[in-house]
Amino acid sequence: MFTVSKESIKKTLMRPEFFVLLTIILLSLFIQFKSGVFFTNNNIVDILRSMIVPGMFALCAYLGFISTGPDISFPLIAALSSYIATEFVFATGYNGPIIVVFLIAIVCGLLMGAVNGFIIAKYKFPSLIVTLATTSIFSGILLGVFQAGRVNLPPVMQEFGRNSLISVVNPVTGLGSALPMTFLIFIGIYLAAYLVLNFTMIGRGVYAVGGDETSAERAGFNVKRIQFGVFTINGGIAAIAGVCYSAQSMFFLPTEFAGMEMIVIAAVILGGTRLMGGVGTLTGCILGTLLITIISNSLILVGAPITWQRFIIGAIIIAGTAISVIQVQNVKSSKQSLLKKGVA
Amino acid sequence: MKIVVTKDQLEKGVVFDRDIFTKIDGNILRLLVIFMIIFTIASITKPQSFLTLGNFISMERQLVEYGLLALGVGIAMVAGGIDLSVVYIANLSAITTGLFLRNFVPVDGGPEQFFIIGIGILIGIITGVCCGAFNGFLISRLRIPAMLATLGTMQLFMGISIIITGGSIVSGIPSAFTQIGRVNVFGVFPLSFIIYLLAVIAIAYIIGKTKFGMRLYLLGTNIKASRFAGVNNNQILMKAYILSGTLAGMAGILSLARINSAKADFGSSFVMLTILIAVLGGINPDGGKGRIYGIFLATLIVQLISSYLNMFPQISNFYRDLIWGSALIIVLIVNFVLDKRKQQRLVRMSQ
Amino acid sequence: MSEYIVSVKGVKKSFGGVRALKGVNLHIKKGEIHCLAGENGCGKSTIIKVISGVHKADEGDIEINGHKYNSITPAESIKAGIQVIYQDFSIFPNLTVVENLAFNKVLANKKKFVNRKEFRRIAQEAVNKIDFKVDLDARVETLPVADKQLIAISRALLDDAKLIIMDEPTTALTKKEVKRLFDIINKLKEEGVTILFVSHKLDEVFEICDNITIFRNGENVISCPVSEMNESKFAYYMTGRNFDEDAITKETNFGDAVLETKNLCAPGFSDVSFQLRQGEILGITGQLGSGRTELSLALFGLLAPFGGDILVDNKKVEIPNPDRAQELGIALVPEDRLTEGLFLPQSIKWNIEVTRLEKISNKLGLINERKLNEESKQWVKDLGVATNDDEFPVQTLSGGNQQKVVLARWLAAEPKVLILNGPTVGVDIGAKHDIHKLLRKLAKDGMGIIIVSDDIKEIIQTCDRTLLMQGGEITGEIEGNELTVDLLSNYI
């Protein structure tokens, strides 16, 4: 019994998630030490607040990587679908429950995601190139066809954005911070994803397809439907994130979204998701987002220039992929050494 | 055992099949036809604005930068990879050259300024070479898939540009340098276009006629087999990405000369446009296929469409994103279908 | 009820105008071990896919257990008790053994939700069927190849399979593992499971099968009990040609040592010393994992040795990469033609001339196209590659002709030492014969040749001397005239 538990502890300690958690703790302590304001109630709430939308996007990136490959279209899907939902409220003067606004955005998002999913599943093109192209298309629709600009949200959405779950005031500095209702949606989405991915066959299929498409096909998974489904759902999640983002900032700004995909991809990589095939956890996904959020929120706290952000993101993506490539090679070479051992 | 060709087969299929592999590439022919059609449509519908010398000169000038970038992307694709970072290599090169020129070219001009401009250009090219070498290092030595490696370096190079410029525009470039962007040869060809043409010819020669080129195609087809065939894969990949980086460096310098400024995130829509051009030009993203002249023709086609769209002021610039994005997907699908047909013909032949 | 578990009549199948099956019949009796044999591309895999529902037949009847199907889906096929074990084992490297074992059954039962306990119970049941000991929670990518196959087999045994189709199951196995597999197959037979054993390895077929069906060019040419089959008949039905067995003569006069290793050590083998002389064909044989493949890779610069010496023409050399190996006059025809040997969509001429690039280009790197074409045409002619044009993609060739192209490539490099790893794997008998004859001729002209192979018959027929490898070491050396099947089998 003892050896088994020791083994499982060792396994836990070897997991990438553990390292991310360790990094988060060390980094937090470091920032606390440098600035003295990290472990304050308003800063913690601020960080939680800032990770809501990137966290939702991270789920999109995660699902893409786990099943097929990179999806970088979620920021523009978020922008376009939340814009359409906002315009719908303006056009109809709608003033009922916020859920309807979300539903409209989700339907738009699902449709856009379905375009991605259809092309990727049917033709097996590299998902990065396809989503790069559809990003361009959605951006053309948003800025060309709709000529979207800055929009102050209609009352129904503003009200939703103003409602807060918790609101705190720092007794020392007097600075306040509020955690919006969108945090619940964030938790809800992850809970749903956790349940679907781990307790339904379709969810396991997502990992199976990422591991080996042919095997998945033969085992009886509907590979095309799973890939189509993943990218479609991604569209839906992105749409929710888009509405949340606007609601949190009280206005819609079409140019705010583009470029977020890189930060999110860096977060997912930090969380230990392997970029080539089916390995990674939701916990890692959340921790990675948290880490990235702390880094970008705290650069100012420790006095690091904001101009370094892009560079750091690039470095994370490169280092993360390099590490996962080396890990894959290690698995191979350990197999070889196993062979050698068996031989000797 | 032996494949016997019957007379019937000769008439029906085999002779026709032979065309696919001979010099007259079906894809090049297709591109020429598309080019002629668009050219004709533009000439008929907008003769007074399209068929003017000014329009042609401005088209030549505009296509140079992304034309060079697309060559680099095409080379990377032939090698079975992709280079998403070219646009940001170009920006970084433009910035290093720009900063150097702004700080070192004497205000009063004088003959020694040309020497300094020469060094400035060299610095830009070297920047491109270094960036390309870094990509090559990641892809060949560390074996990171090109798509992910250059996705990362795209951010990294942009990040470096932001750090050294503080995120602002580099301007105030000495006019002696920006002349490069203005000079016309024989009044018809902008100097930058001549440079582009020379680059196309040089790259077409390197990729199409030399041992390096052939190895690049083979490596792009099957990287493991090329290792077993005694090809030094790392060296070939390194050269390919350095070449791509160099072309991007050139594009950056020419862009600096044309618009008189540089910034970390100029031309971000070119990332997709260059992929579109390479794919339209017949380069297969899976590697080992396509010709450089195809990229050249595709560049001309894209510029034709772009200029033609300009003649309709009611169409906003943002529509272009919509059009290029849709075009990329359509081209991918068309190529997919054509390729499938070709494969079927091949299977039939092997029976 | 019929006596056949599967009865296929007049099945036709075309792919984009290519007729893969031209109306074949296949009758498999209940409880027998039936062998399906044929050269590559004869339609073996197509008929498997038709039976398992992956492909839909254009014409013909499929009868399973007396039930007629016009077309059958994969799910129906599994439900009818048919299981296929593919060559690649159909596994998920990123998932645990439990999930790999349980997925098929759970999906076949149309379950929508995951029940971990159920998963584990299914997995345990599966491994128990063949006494397979493995960590059920291990990620499959960390397991050795033989374990992966056992996962595939134990998975197929779930679901009360009535017919198990094994597609070349012994390819990646060692002799010992093959024996274990055969024990399992025999045990299954006793339990009443029918086996369709797809193989082209004659000795295996004779050892284990009851009846045999041979396909050629999408048609079935014979079905009979294995007892009525013999070696020359087998070869004849496979290829449609007759071969004289003893055409190859052995050599005893050799020149100087051209390649030598002294106590060579690398990952996979250690302390290997041997000498190869001009004009000699040296065989190296041993199980998978005996270090034979690693040795060939080390001699070609693809595996870095950590001890010992390699001598070429009695001079000590370092071989850090294949480029250097080529300079030293060493050539390697790799084990896996499709992934390591060929550039499938590229032309035959490029595939041949890749090793000639340094010789046929000028200082600027420009390739002399005329020379390239001339040389390539000559090679196609010399080796009898069956094609209309060397501009055609190499994928249009048959397996044997493809192997000739790989051979031509390395002969074009004018090597002193030619190493061939599994030179005739997946090559039809006709081309195999041609290749063996060619190797003998090359040796006569002074080349030193090493054949690395686990095909015992091939080693006996062609090699002048054979080294036996076991556990990464050379354990024996047999002169050509003393070589017999029994002797070799004892070692392997």
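1. In chain A of this predicted model, helix α8 (residues 182-199) packs against helix α9 (residues 201-211). The angle between the two is about 80 degrees, and their axes are 4 Å apart. Since angles of 65 to 115 degrees count as roughly perpendicular, α8(A) and α9(A) are therefore roughly perpendicular to each other.

2. Which residues make this contact? From α8(A) they are V196(A), L197(A), N198(A) and F199(A). From α9(A) they are I202(A), G203(A) and V206(A). By class, the contact of α8(A) with α9(A) has 5 nonpolar and 2 polar residues, and no charged ones.

3. Chain A as a whole has 14 helices and 4 strands. Its radius of gyration is 21 Å, close to the 20 Å that the globule rule gives for 344 residues, so chain A is as compact as a globular protein of that length. Along the principal axes, the C-alpha trace of chain A spans about 75 × 55 × 40 Å.

4. How much of chain A is buried? Of its 344 residues, 51% are buried. Taking the contacts in chain A between residues at least 6 apart in sequence, 77% join residues at least 24 apart.

5. Chain A also touches chain B. This contact takes 33 residues from chain A and 36 residues from chain B. On the side of chain B that touches chain A, the elements giving two or more residues are α7 (146-165), α13 (270-280) and α15 (318-350) of chain B. The largest share of that side comes from α7(B), with 13 residues.

6. What classes of residue make up the side of chain B that touches chain A? There are 25 nonpolar residues, 9 polar residues and 2 charged residues on that side.

7. Chain C has 17 helices and 20 strands. A box of roughly 70 × 50 × 50 Å, taken along the principal axes, is filled by the C-alpha atoms of chain C.

8. Burial and contacts can be given for chain C too. Of the 492 residues of chain C, 49% count as buried. Among contacts in chain C with a separation of 6 or more, 70% are between residues 24 or more positions apart.

Methods:
Residues are numbered from 1 along each chain as its sequence is written. Chains are lettered from A and ligands numbered from 1 in the order in which they are written. This is a predicted model: local features need pLDDT of at least 70, side-chain atom pairs count only at pLDDT 80 or more; totals for chains, interfaces and linings use all residues. A residue is buried if 20 or more other C-beta atoms lie within 10 Å of its own, exposed if 12 or fewer, and partly exposed in between; C-beta atoms are placed from the backbone. Two residues are in contact if their C-beta atoms, placed from the backbone, lie within 7 Å. Ala, Val, Leu, Ile, Met, Phe, Trp, Tyr, Cys and Pro count as nonpolar, Asp, Glu, Lys and Arg as charged, and the others, Gly among them, as polar. The radius of gyration is taken over C-alpha atoms; the globule rule is 2.2 Å times the number of residues to the power 0.38. Axes are lines fitted to C-alpha atoms, for helices over the stretch in contact, and angles run from 0 to 180 degrees between N-to-C directions. Angles under 35 degrees count as roughly parallel, over 145 as roughly antiparallel, 65 to 115 as roughly perpendicular and the rest as oblique.
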